Structures are given as structure tokens and as C-alpha cells.
Amino acid sequence: MVGPVEDDVQLGLDAIAPMPGGRALALGWVRAPEVQGAALVVQAAGPCPIEHATFHPRPDLAAAQDSPPAHGFALLLAGLPAEGRLVLQAGDRRAEQPLQAEGDLAALLAARPMQAGFALLQDCAASPTLHPLLAQGPRPFGLLADWIARLIPARGKVVEDAPGLEEAETLTSLAGEVMVVVRGSAAFAREALLEAVPLGLLPDATTGRTEAVALPLLDWQAVALPQALIGYGRIDPAWLDRLAVLDLVLQVQPWGEEAHWLRCRPRAATVPDLLDAVCRTTPFAEPSEAAGAAALAQLRLLLARREAAFGPLLTLLAAQRPAPDAGGHLPRLGLILAADDPVAARLFQVTATEFEGRCDRLLVMGDAAEAVAEAFARRGRLPVLVGAEAVQALREAAGRAGVLAVEAPRFAEAVARGRPAEAFSQPLGPADLARLLALHGAAGCEAALSDTLARLLRLQRLRAGEPAFLPVQRGWSSPHAAELVNAHLARLWTSGQAEMAHG
Amino acid sequence: MAERDKVCIIAHSHPEFSKGGGELAAHRQFETMRDAGRDVIFVGACEVGTQYAETRQIETVMPFGDREYVFSFAGMAEDKLAWEDAFQRRVLVDFLAGLDCDVYHFHHYWRLGADLIDELMEARPDARFVMTLHEMLAICLHHGQMVKTRARELCRRESPLRCLACFPDQTLERFAYRKATLLSVLSRFDSVIHPSEFIRARYRDWGLTRPRDPVVENYLGDAMLARPRRTADPEVMAHRFGFFGQPTSFKGLDVLLRALPMALRGNPDIVLTIFGAEREDVLRLFPTLEPMVEAAGPSLTFAGRYDPLDAVELMGSVGWVVVPSIWWENSPVVIQEARRAGTPLIVSDIGGMAEKVRPGLDGLHFKRAAPVDLARVMVDAANPALRAACGASLRDVMGRAEFLAALDAAYAPRQGYSPEMRRAAE
């Protein structure tokens, strides 16, 4: 359907595919002296607006000398009118093509340059109206299935078959942050580019099938360091709970025009892990001094972004005063934290009545949660949950239940003092739980929610002279990264604390 | 009336299978109460049954004579302070609860389990619970010795960090769980009987302050009390010294053997007899002592093992009983037996030994773990005048009537104390 009208104003229609809701997707290309000044419209008996349009380079379409370059397009049309025509108007010149559904869109996408498919995937992520592209047909990823099959898969973070690239480490945090660190065997160009599209599989509980979705990546920023490309953005964290699988499709242009398209499965990371990845700029030995300094500078910028993003909410939540449970009607949820040692089960075996008299339900978290829970389950007087069920129950309790949170070691100390009731003296209200979840997402130091809760409880009983935040002990990429990230986490953890102290 | 109470004595062993001071005291109490017409049952842990249970099926609780039972503790955790097999624990609890006793008197918690005690207390909230503490296992992970694992230094106070220094592979949390579990359960007893002031003070310092906590010495039994106390000739006996017991590293036999050559230089007439071990047993444990043993020559005799029932009589054959333990001891039965025999003692100047032997009256003290000082004291002791003086002032042991009265007091219901308060009392 290529129909050159004049040498430098050309319109080609590669395929038109019907879409749900009577819409149609048109793929093609244009060539005009000034594409930005040109306009595409549909001419038909009735109105038929173009609801969505994206353009991308088409270097595969050779042009005559001095001719303007071709640009591919993807148009979402409100309908496919009979006798309709697609018109390219460039000043006083025009080119047009009849709109007729034809062409194998999937095959066309598979055959076209990778760049075009990536652009379409970006469009899918940006526009919900294009989501059906990923669902059409029997295959996963719909019309983009063949294109996605051509992506270079990363095994873990190792990249093969992409010359110059060694690793593509991708991480997500509970707050929906997405971190990409592409490491190369040689220095990247200063103008190197890194783009990403999150691609998920959403299970349907009723049909048992999964639906592919491309997600918008918000606030994406990428930067080129000497030996690493670093990208950081975020998705709506609600997706993380809903998706069965989350992949990242990367478009990497390390040196000018050359590009690679990768498919990576990001690793769920703690906040320290995610942030430290910025400073792991090389897969080999220690980074050079220059690379290390550049990474630290980037880390500082990133930390500032995070504090601007998360700080206000954390400050607000810290300032909330617990709402009184006037009628004492809130469900009494018991929570045993840090039950990491099976020996703790002995203590709870002989003190079970302390909990049975105070709680309607009990959650146990920690490495030895099963053993501790068994001490209660055997007695059969208190429903007890562990593992993911316990975490979910705690999330659901936010806003509607009071939680008697007890850290196992501190409970032991209270019992040894002969005053076990002291361990129950600071119940967490709904406001505390909201703060807990926010802190866990923004500044959680371990994957386990129980660690965040233990830190929050510590913060709440802080005495003068005690540090508000205990630094995270892990295998940091460098002491400098450790210092920066720990200081950043400390600031997030203490957001609003000063106001509280003086309030 | 306490005399009409039905009492169940539950011990960590039965003297048929081991002859430790705790199980001997528990069983002697059973015999004494039974012979006094009390309604009493004895239930003891059984090593033989437990070993058998490792390979073959065996009942958890088995009759073992008239009103005596033994039980297998095969279902317990390695440290024998709790049960891994909750079903077996339940079987034992059901058995004990079904005995329908008014008083459950535990001797020790090792091989019995804090969780079993807790479950029995819950099953029998109307009963009274009494515990006799024979050592400090709850306080100290080092076999309850309160002696540091490095260099056998004495430990004077438990704390998580101190304990961590002795057991660096443990965690602070684990020490906290251990203490809380044991202290929680022990605090619910109506009475905790301590055989010495020393051990009572240690448990009080540790935090066990809720129950009544009388000091009641272990009773040696009617048979030993019926023996006449002989008067020895100090001229003949003053230079004869005896050691009674197992040659374990805490009993200080090495200190005594190091002291002997020095004492012999001060008084060549001194003779020492080791009751409870052969020469080979001692040298196997303390091979570096061979030169001292050789040097002592005929002044040193190894008498081998003895039956505990013969201890009092054997102690009559020496002028002094030496108790050179390097750990605190609580209320060593050897001291009671020596007092019963009328033989004064030479003891380390610490813990239950120092308490039970009044210096200059019941015997003499020497600096713990100091062979030089022990040698000095042995030379002094070989003086017949000193032996005669100590022999004359040496106390006898507690009598039967006094012992039973002390038990009745411990078994009596506590004023204003209800079963519901048991847990609240923690």
C-alpha cells in the first residue's frame, strides 16, 4: 500500500487492524519535508478522529538524496469508516491512502525494525486504548508476541548476544520503584540512551488465564556513567501485588545508533539493595575512582528525588495522632515479631495465656514463626497466622484494627522482669499501621515487614541519646554508598519525628 | 491439713538408675514420707527406658514398684528443658494430672521440662506446686555451675552479655528466651525449696522472688539417721584425709592431689584416700598429675567406687573429709554425710561448702582452687587438738520431724493465693 505521490511527501499504510470497540490501528510511514508541520487526518463521510498517534524513525526506508527521512507511525482511529481515506497534508501538498483493513499486523510488527516495536510497546504503556494489542489472538502478548520473542533475554542480570553489554540488573522495590543498571565492558558514550517499558502478566482469577499489560513508567530518568547506564522510575505499586510476572523491556543505545533490546525480569529488592545498585557500576573489579565518584553523585541526586517524593507523606503520617478506640471495639490483633529462634516457642508455650486473654487473632512473623505458632495452634484457643497470610492480615488491619505488637526478644525481657503486661503496653493504632506500610515501602531495610515494624516500635519508644535509626548492615558496594544510603534512610525514618517531639 | 495431702514427687531421675544427690534426696523424701504414713507417689525419669525408646516402642510411663513410676523422656529436646514431642508430654501430663494429687513436688526441672510443668499447672489449677532446686541450671548454661567456660573462673552473676562471653555461639535473644521461660514457670510455684542459703540467694538475684522460698536441707533418710554417730580418736585420725565422689573436673580432686606433696613436706604422716575412683580413672582425667601421684607413694590410696549407702560408714574411717570443689556446690550430700558420720570437713571457701561448714566448728576452709593453701590447712588439720575440737562442735544433720514439718509448711496453701493468681504472679 505504499503510494508515493511526490518525491518528498509520501504516505504509506502497512497494515490496518480492527480493534475492540470498533476502533482500528493503522501502521504506516510518512515522509514530508517537515513532519512536525505536516498533519494526518481521516477523511470520511462522518467524523473519525485519530485518538492516538505516535511516530518513530524508520531508517530502514531508504530515501533519495536530499529527501526528508521517513517516520513510522501508529495511529489509533476511532473507527474504520467505509470509503475513508488517510490523508497526509504537508503545506499545500498532500498524499492519501484508502483505509481498508488488511495486512497481517503481527507479521508486520515482527518484520519491522525492533525500534518500531519498542515504540509501539511504549505507546501501549502510555495509552490504555492500545492495551488490546497485547491481548489480541491466542498467544501471550497478542500482536506483539513475535516481536517480544526477538528480545534478548537476560539470564538473571547476565546479558549475552549484545556486544559491549555485560549485565542488565533490574530491581523493583515495594514502593514501585524500578531501577535499571546496565553495565558494559567498555565506557559508554556520553549520549548513550536507556529506555524501559514494564511488561506484566495479570492473572484473571475467573478464567485462569493471564493478560499481558504494558505499564506506564513514571518519572523515568536515565543517565550515562562511564561504565554504566542507570535508569530509575516507578510504577504504581499496586501492580506489584496484582501481577503474576513483571518484566522490563529495555532499549539500550550505548554508542550512537546501535541499539539492543533486552527482556529482563527485575528482582524484588529492599530499598538499600536497590539504592546500592547505583554504585555497583562495573561487573568486574572495583570501579575506577572516576566511575565511583560519578555513581556517588548520581546516588545523591536519586536520594534527593526519593526524599522529595516520600518525605512529605512520611512526615504527615508521623504527625498523625492515634485515634482513640472509644468503644474498645476494634478487633484485637496480636502480632509476635522477630520470632526467629525456635527456642522462642518454649517461651510462648508457657505464656500463651498472656496472648489468649488479650487478642482475638494472632499473627506471628519471623524465621521460627511456624514453631511459635504451633505453641498456640496446639492449644486451639487463638487463631494464628504466619507467613504471607500474616502479612496480608496485617495490611488489611491498617485502618480498622488495633494491633498488639510484641517483639519476641522484648517480650522475653518483660517476662524475665516479672511484668509481661509491659510488652503489650503500646498497641499500634490504624495511624501507626499506615505509617508502617509507608515506611516499609519507602525506607524498609529488609524484605520482611517485621523488620520495619521492629524498627518502628523502636522509634516509638526511643529515649534521649539513642540513635533513631540503626544503620543497615549488608555487603555494601562501598563505604561511601553505605554512608549515603544509611543517612538517607535515617532521614526518611525520622521524617516528622522532630515535629512530634516538639508537638 | 498438709499431713493429709496426697503428694506426688516428680524427679529428674530414679536412684535405681543414677546416684546423683538430687534424685537421692527426692527418693529419700519419698521413702521418709511413705514410712511416716503420708499418701505419696514417686515418679522419676528413667534413662534406661529413654535409651530403649530410641529403638523400640515403650510406654511413656511405667510402674516401678509400689506407688513408684518411671517415665521415658525420649520426647524431650536435647537440653532436656522442654519437650519436642508434645504428644508424649501430654501423655505424661495426663498421667500426672490423673493421679489427682493435692501437691506436686518437683525435684529439678531438667528432664521434666518447663512446658510440662506449665501444662500440668493448667490441668490442675487447684493443686499446689512445690519445687526443690538442686542446682543452678536455669541460671547458667554451663551445666548450672556458674563457673566460666574459660579458665574455670567463678561467675557471680548471670547476665546475657556475661553468658555470651562463655558461649559465643549462642545469641543474646536465646539467653533471654531461656531465662524468661524458666523464670516464668518457676515463679508460679507455691514454694521453691532451696537446700542452701547460697542457692536461694543466687535464684533471688536471678529474679525468682515470687514463691515462698524456704531453705530446707536434703534429708539423708531414716536409715542413715538411725546410725549411731561414732566418736573418733583424734590422735589416730587427725592425719587421715579422705575424698569422696566422682573425679570430675569441677570436684577439685586435682587441687587436692597437687596439695598432697606439699602437705607431706609439712607432715609426712599425712595419708589421703580417694573414695570413688581408681588411680587410672584419675590419671585419665588429669594425666599431668601423674608425677604428684607417683611422688605421694604410699601416702595416697585409691579406694575405688563405693555404694552411697556406705558413705557414712566409710567417712568414719578418715579424720577429715576434704571437699575441694572448684565450683560453688549448693548443698553437697558429702558434707551432710560427713556431718552425720561425725567427721569434720575441709572445704573450699565458697558457696554451699562455706555455708554448710562453719570454719573452726564443723571444719576448716581453704582458698578455692589453691593447692598451697589446701596444703597449709591439711598440715594444720593434722593436729589432733584441732581435730578433736572440730569433731566436738560438728553439727549433725536435720532430723526427720524437722524435715517433715518443713515440707508441710512448704505444702500449705498460701494465704490469699488463688490458682488464677498463679499466672498473674509472674
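Start with Gln298(A): leaving aside neighbours within four places in sequence, this residue is in contact with Val223(A), Ile230(A) and Val278(A). You'll find Gln298(A) in helix α6 of chain A, which runs over residues 289-319. Its relative accessible area is 17%, and since buried means under 20%, Gln298(A) counts as buried. Keep in mind that what you're looking at is a predicted model. From here, we'll look at each chain and then at how the two meet.

**Chain A as a whole**

- Chain A has 15 helices and 22 strands.
- Of the 503 residues in chain A, 52% are buried.
- Take the contacts in chain A between residues at least 6 apart in sequence: 69% of them join residues at least 24 apart.

**Chain B as a whole**

- Chain B comes with 19 helices and 13 strands.
- Its C-alpha trace spans about 65 × 50 × 45 Å along the principal axes.
- Why does the radius of gyration of chain B agree with that of a compact globule? With 426 residues, such a globule would come out near 22 Å, and chain B has 22 Å.
- Buried residues account for 59% of the 426 residues in chain B.
- Among contacts in chain B between residues at least 6 apart in sequence, 73% link residues at least 24 apart.

**Helix α16 of chain B**

- Helix α16 of chain B covers residues 371-381, and its buried residues are Pro371(B), Asp373(B), Leu374(B), Ala375(B), Val377(B), Met378(B) and Ala381(B).
- What do the buried residues of α16(B) pack against? Their partners in chain B include the strands β8 (240-244), β11 (320-323), β12 (345-348) and β13 (363-366).
- Helices of chain B are in on it too: the buried residues of α16(B) also pack against α10 (253-266) and α17 (384-393).

**Where the chains meet**

- How many residues of each chain are in contact with the other? It's 23 residues of chain A and 26 residues of chain B.
- About 1800 Å² of area is buried between chain A and chain B, and carbon and sulfur atoms give 56% of that.
- There are 4 salt bridges between chain A and chain B. One of the pairs joined by a salt bridge is Arg346(A) and Asp79(B), whose side chains meet at 2.8 Å, N to O.
- Which elements give two or more residues to the side of chain A that touches chain B? They are α7 (344-350), α8 (352-356) and α11 (408-416) of chain A.
- The residues on that side of chain A split into 12 nonpolar, 4 polar and 7 charged.

- Ala114(B) sits in helix α4 of chain B, residues 114-123.
- Is Ala114(B) buried or exposed? Its relative accessible area is 4%, so Ala114(B) is buried.
- If you skip its neighbours within four places in sequence, Ala114(B) is in contact with Leu81(B), Thr181(B), Leu182(B) and Val185(B), along with Val350(A).
- Ala114(B) and Thr181(B) are 67 residues apart along the chain, yet their C-alpha atoms are separated by 7.2 Å.

Technical notes: Residues numbered from 1 in each chain as written. Chains lettered and ligands numbered in written order. Predicted model: local features only at pLDDT ≥ 70, side-chain atom pairs only at ≥ 80, totals over all residues. Heavy atoms only, no water. Contact = heavy atoms within 4.5 Å. Buried area = accessible area lost by both parts, 1.4 Å probe. Helix = DSSP H or I, 4+ residues; strand = E, 2+ residues; numbered from the N terminus. Nonpolar A, V, L, I, M, F, W, Y, C, P; charged D, E, K, R; others polar. Rg over C-alpha atoms; globule rule 2.2 N^0.38 Å. Buried < 20%, exposed > 50% of the residue type's maximum accessible area, 1.4 Å probe, protein only.
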